[in-house]
Amino acid sequence: MTDTASAATDPGSARGDREIVIYPDSDVLAAATAARLITALSDIQATGRVPAIALTGGGVGTATLRQVAASSARAAVDWRNVDFYWSDERFVPEDSDDRNAKGAREALLAVVDADPERIYEMAPSDGEFGTDIDAAARGYTEQLPEKFDIVMLGMGPEGHMASLFPDTDAVRDTSTGAIAVRDSPKPPPERISLTLPAIRTADEVWFIVGGPDKAPAVAQAVAGGDPVALPARGATGSRVTRWLLDADAASDVNAG
Ligand SMILES: O=C1O[C@H](COP(=O)(O)O)[C@@H](O)[C@H](O)[C@H]1O
């Protein structure tokens with residue numbers, strides 16, 4: 001524990017370890033997560049492997065990528081040898097500002113000159129599958145790695161992560177792949193998402209969550225329970241699940 005962050009590890013959690021790290025605000029959360037990401041990717045590359053990572057959209061998720069791009073330590077990573085996937089995507093035209101991939105490209109991938117052959121974007125609605133969202137989801141499933149090293153996730157105030165929302169067919173899906181989501185309560189309605197089993201192939205799952213509106217869902221997620229009611233409960237890494245929080249998002253966990 002330091003004066004800027006506190007950490008707790010729960011080795012008794014059902015699947016892998018769980019770590020909760022609390023940062024004073026969302027800027028520090030993004031900067032510290034960027035540093036963590038650079039170190040994690042560089043460590044995997046040091047073993048001779050190409051890391052497979054699933055990126056997230058969302059406010060703090062994209063801010064984290066900007067912080068990676070701004071860091072001089074980013075030179076520790078060979079960015080041409082990282083496989084980039086997404087945990088979810090909005091099924092809209094490629095140039096739409098709603099695209100998580102567009103945000104990631106602008107924030108990081110274009111800056112570090114990532115290898116286009118290693119950037120696995122979910123198809124847009126004007127891409128190779130046209131408006132056939134099921135075909136687009138199947139196409140993505142075929143591209144997925146056997147397992148991820150790291151899956152990065154944001155979380156909504158109602159506990160959704162990726163594009164798996166409470167009490168939906170999507171969060172109940174037991175396939176290991178990507179699926180079409182047609183009725184997202186958060187716009188835009190059409191999305192593609194990794195399923196819970198696909199997320200759970202990851203060695204490490206990182207939730208990156210900031211803001212007071214997320215506090216109740218964070219507390220409910222870390223307390224455990226039914227993932228159908230609160231999808232974030234079901235997203236766990238086989239080695240570790242990290243909850244990387246700002247103080248506002250963690251406020252109900254502290255109160256507990
Ligand atoms: O719609 C989405 O929302 C979540 C959370 O976004 P945030 O801005 O509230 O942090 C995000 O993780 C997901 O990728 C995105 O599609």
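**Entry 1. The core**

I began with the largest nonpolar core, which has 74 residues. L153, F207 and L245 are the residues with the most contacts inside this core. I then looked up which element contributes the largest share, and found helix α1, residues 26-46, with six residues. I note as background that nonpolar side chains tend to be buried together in soluble globular proteins. I record here that the model is a predicted one.

I next listed the contacts of F207, setting aside its neighbours within four places in sequence. F207 is in contact with L153, M155, A232, R242, W243 and L244.

**Entry 2. Helix α1**

I compared the span of α1 with expectation: its 21 residues should span 30 Å at 1.5 Å a residue, and the end C-alpha atoms are 30 Å apart, so the two agree. I looked up the buried residues of α1 and found S26, L29, A30, T33, A34, L37, L41 and I44. Viewed down the helix axis, these buried residues fall within an arc of 130°, and therefore they line one face of α1. The elements that cover them include β2 (17-23), α2, β9 (204-209) and β10 (240-246). Just after α1, I noted that G48 takes a positive phi of about 95°.

I turned to α2, which has twelve residues. From first C-alpha to last, α2 reaches 17 Å, close to the 16 Å expected at 1.5 Å a residue. Its buried residues are V60, G61, T62, A63, T64, L65, Q67 and V68. Among the elements covering them I found α1, α3 (100-109), β6 (150-153) and β9.

Which helix gives the most to the shell around the ligand? I found that α2, residues 59-70, does so, with three residues. There are 13 residues around the ligand, and T56, G57, G58, G59 and G154 come nearest. I sorted the residues of this shell by type: two are nonpolar, nine are polar and two are charged.

I listed the buried residues of α4 as I133, A136, A137 and Y140. Seen down the axis of α4, these lie within an arc of 95°, so they line one face of the helix. On the other side of α4, I found D134 and E142 exposed. The cover over the buried residues of α4 includes β7 and β8.

I then examined T141, whose place is in α4, residues 133-143.

**Entry 3. Backbone exceptions**

I recall that most residues other than glycine have a negative phi, and that most peptide bonds are trans. I then looked for departures from this.

D113 has a phi near 55°, a positive value in a residue other than glycine. I placed D113 in the loop between α3 and α4. D113 counts as exposed because it has 9 C-beta neighbours inside 10 Å.

D167 likewise has a positive phi, near 55°. D167 has its place in the loop between β6 and α5 (169-172). I found 12 other C-beta atoms within 10 Å of D167, so it is exposed; the limit for exposed residues is 12 or fewer.

Where is the cis peptide bond with omega near -5°? I found it from P187 to P188. P188 is in the loop between β7 (178-181) and β8 (191-194).

**Entry 4. A249**

Is A249 buried or exposed? It counts as buried, because I find 30 C-beta neighbours inside 10 Å. Its contacts, leaving aside neighbours within four places in sequence, are V209, G210, G211, K214, A215 and V218. I also looked up A249 against A101: they are 148 residues apart in sequence, and their C-alpha atoms are 25 Å apart in space.

Methods
Residues are numbered from 1 along each chain as its sequence is written. This is a predicted model: local features need pLDDT of at least 70, side-chain atom pairs count only at pLDDT 80 or more; totals for chains, interfaces and linings use all residues. A residue is near a molecule or strand if its C-beta atom, placed from the backbone, lies within 6 Å of it. Helices (H or I, at least four residues) and strands (E, at least two) are DSSP runs, numbered from the N terminus. Ala, Val, Leu, Ile, Met, Phe, Trp, Tyr, Cys and Pro count as nonpolar, Asp, Glu, Lys and Arg as charged, and the others, Gly among them, as polar. A nonpolar core is a set of buried Ala, Val, Leu, Ile, Met, Phe, Trp, Tyr and Cys residues joined through C-beta atoms within 7 Å. A residue is buried if 20 or more other C-beta atoms lie within 10 Å of its own, exposed if 12 or fewer, and partly exposed in between; C-beta atoms are placed from the backbone. Two residues are in contact if their C-beta atoms, placed from the backbone, lie within 7 Å. The expected span of a helix is 1.5 Å times one less than its number of residues. The arc is that of the directions from the helix axis to the C-beta atoms.
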